[in-house]
Amino acid sequence: MKDFTYYAPTRIVFGKESEEKLPQLIQQYGGKKVLVHYGGGSAKRSGLLDKVFTMLDDAGIAYVELGGVVPNPVLSLVKEGIDLCQKEKVDFILAVGGGSVIDSSKAIGYGVGYDGDVWDFWDGKAVPQSCLPIGVVLTIPAAGSEMSSSCVITNEDGMLKRGVNSDLCRCKFAIMNPERTYTLPPFQTAAGATDIMMHTMERYFSKYEDAMLTDAIAEALLRTVMKATKAVLAKSDDYTSRAAIMWAGSLSHNDLTECGTEKDFACHKLEHELSGLFGVTHGAGLAAIWGSWARYVMNRHMDRFVKFATEVMGVPKDHIEKPLATAMAGVRNLENFFHEIGMPTNIPELIGREATEEEIQKLVDKCSRGGKITIGAMEVLKADDMTAIYQMANRK
């Protein structure tokens with residue numbers, strides 16, 4: 001078991017009507033001039049934005065607004081937000097939405113106090129030294145960004161999707177009302193659940209295999225998310241299941257399931273290039289790449305895949321005397337679950353066709369930074385390994 005430091009400072013306000021506490025929370029964390037940052041029309045159509053604006057008006061909290069965040073949030077809007085915050089002397093950012101809105105808010109928070117190009121942080125030329133305080137009204141459980149130190153942004157110049165991690169961007173609070181997720185479309189619900197599971201699995205598949213309690217937490221989280229996802233796809237206003245998914249989203253990415261282990265995140269790195277190049281939904285891209293990664297690395301980590309198969313995916317333990325068959329059954333069971341909830345399990349299902357050889361090479365070049373970096377921890381992957389996995393995933 002690996003030594004660890006666990007830090008999770010975000011205040012969670014969870015449950016029905018939790019939005020009512022918003023003004024007090026902003027004031028508690030010093031907000032006097034707020035940027036309300038959000039995505040497309042759903043926050044407006046649901047009436048949530050109007051409610052937020054009314055509460056801020058009633059509390060005498062000044063604000064400006066900036067909408068337009070898209071999935072795989074883009075650098076150009078981040079820069080627009082930085083300019084707006086500097087012009088309006090904003091001292092607090094309120095993200096109303098899901099992971100894309102939160103990450104865009106974090107990037108804006110980094111850039112407000114920085115004299116250079118904010119992309120420097122994602123390009124490895126600089127390290128964040130400050131960030132405006134950020135609060136969240138969460139509407140999409142998926143990314144877990146409300147409790148994480150992560151911020152992923154896409155630079156449209158080259159479609160480069162990159163991540164930066166710093167405790168400076170951890171949100172001060174997150175308001176989480178499961179009722180706000182009732183109207184999520186089935187595809188978005190399923191993609192979010194996939195992202196939640198992958199945040200946990202990218203920590204579960206670790207070379208540290210003796211973190212018994214952390215493993216048990218991860219296994220229970222995965223089983224719960226699968227059960228709850230099926231329930232909400234059958235009945236969208238199942239509060240208990242929606243609440244389980246929403247809370248799992250935070251627990252999956254606040255490093256709890258990393259305590260005593262080491263995150264791998266190779267699948268996330270591989271997927272970032274898929275969504276950067278093809279504009280696909282992140283959770284769907286993860287589902288499309290995971291099975292190929294698993295088959296590529298499992299022979300060198302058989303015990304872990306057998307444990308996953310028996311403890312999470314329901315493969316009978318009496319099959320353990322055949323470890324490869326057990327491990328493969330676990331992978332197939334997860335892929336069957338992905339199909340059941342409407343997720344792809346390969347690149348042709350993801351983008352509607354096979355990727356070309358040129359596109360595969362572009363994915364590898366971006367992911368490996370031209371062969372200069374490796375990815376992964378349980379299994380370290382070089383450019384040739386990335387090529388092999390993308391090619392495996394490119395077959396139906």
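This is a predicted model: local features need pLDDT of at least 70, side-chain atom pairs count only at pLDDT 80 or more; totals for chains, interfaces and linings use all residues.

**Core.** I started with the largest nonpolar core, which has 61 residues. Those with the most contacts inside it are Trp290, Trp293, Phe305, Phe308, Leu334 and Tyr390. Helix H10 gives the most to this core, with nine residues. My core term means a set of buried Ala, Val, Leu, Ile, Met, Phe, Trp, Tyr and Cys residues joined through side-chain atoms within 4.5 Å. Buried is under 20% relative accessible area, exposed is over 50%, and partly exposed is in between (1.4 Å probe, protein chains only). Another core lies apart from the largest one; it has 37 residues, among them Leu66, Tyr110, Val118 and Cys171. In soluble globular proteins, nonpolar side chains tend to be buried together.

Residues are numbered from 1 along each chain as its sequence is written, and side-chain values use heavy atoms, with hydrogens and water left out.

**Rings.** I searched the whole structure for aromatic pairs and got 19. Trp290 and Trp293 make a tilted one, 6.4 Å centre to centre with 45° between the planes. The rule I used: rings of Phe, Tyr and Trp (its six-membered ring) pair if their centres lie within 6.5 Å, with planes under 30 degrees apart stacked, over 60 edge-to-face and the rest tilted. Both tryptophans are in H10 (residues 282–297), three residues apart, about one turn of the helix. Trp290 counts as buried because its relative accessibility is 1%, and Trp293 is buried at 1% as well. Helices (H or I, at least four residues) and strands (E, at least two) are DSSP runs, numbered from the N terminus.

Ring pairs link Trp290 and Trp293 with Tyr204, Phe205, Phe305 and Phe308 in a cluster. I then listed what Phe308 touches, leaving aside neighbours within four places in sequence: Met201, Tyr204, Phe205, Leu222, Trp290, Met313, Gly330 and Leu334. Contact here means heavy atoms within 4.5 Å.

Two charges over rings also turned up. The charged end of Arg304 sits over the ring of Tyr204, 4.5 Å from its centre, and that of Lys16 sits over the ring of Tyr239, 4.7 Å from its centre. The test is NZ of Lys or CZ of Arg within 6 Å of the ring centre and within 35 degrees of the ring normal.

**Tyr390.** I found Tyr390 in helix H15 (residues 383–393). At 0% relative accessibility, Tyr390 counts as buried. Beyond four places in sequence, its contacts include Lys269, Leu270, Ile289, Ile347 and Cys367.

S2 (residues 33–38) and S4 (residues 92–97) pair over five bridges, and Leu35 has Ile93 as its bridge partner in S4. Strands pair if DSSP finds at least two bridges between them.

**Hairpin.** S6 (residues 150–155) and S7 (residues 160–165) are antiparallel over six bridges. Thr154 has Lys161 as its bridge partner in S7. Four residues lie between the strands, and Gly158 takes a positive phi near 100° in this hairpin. Six of the six residues of S6 are buried.

I checked His272 too: this residue is in helix H9 (residues 266–278) and is buried at 10%. Leaving aside neighbours within four places, His272 contacts Val152, Lys161 and His282.

Most residues other than glycine have a negative phi. Glu17 has a positive phi of about 60°, and Phe265 also has a positive phi of about 60°. Buried or exposed, for Glu17? Glu17 is exposed at 56%, in the loop between S1 and helix H1 (22–28). Phe265 is buried at 13%, in the loop between H8 and H9.
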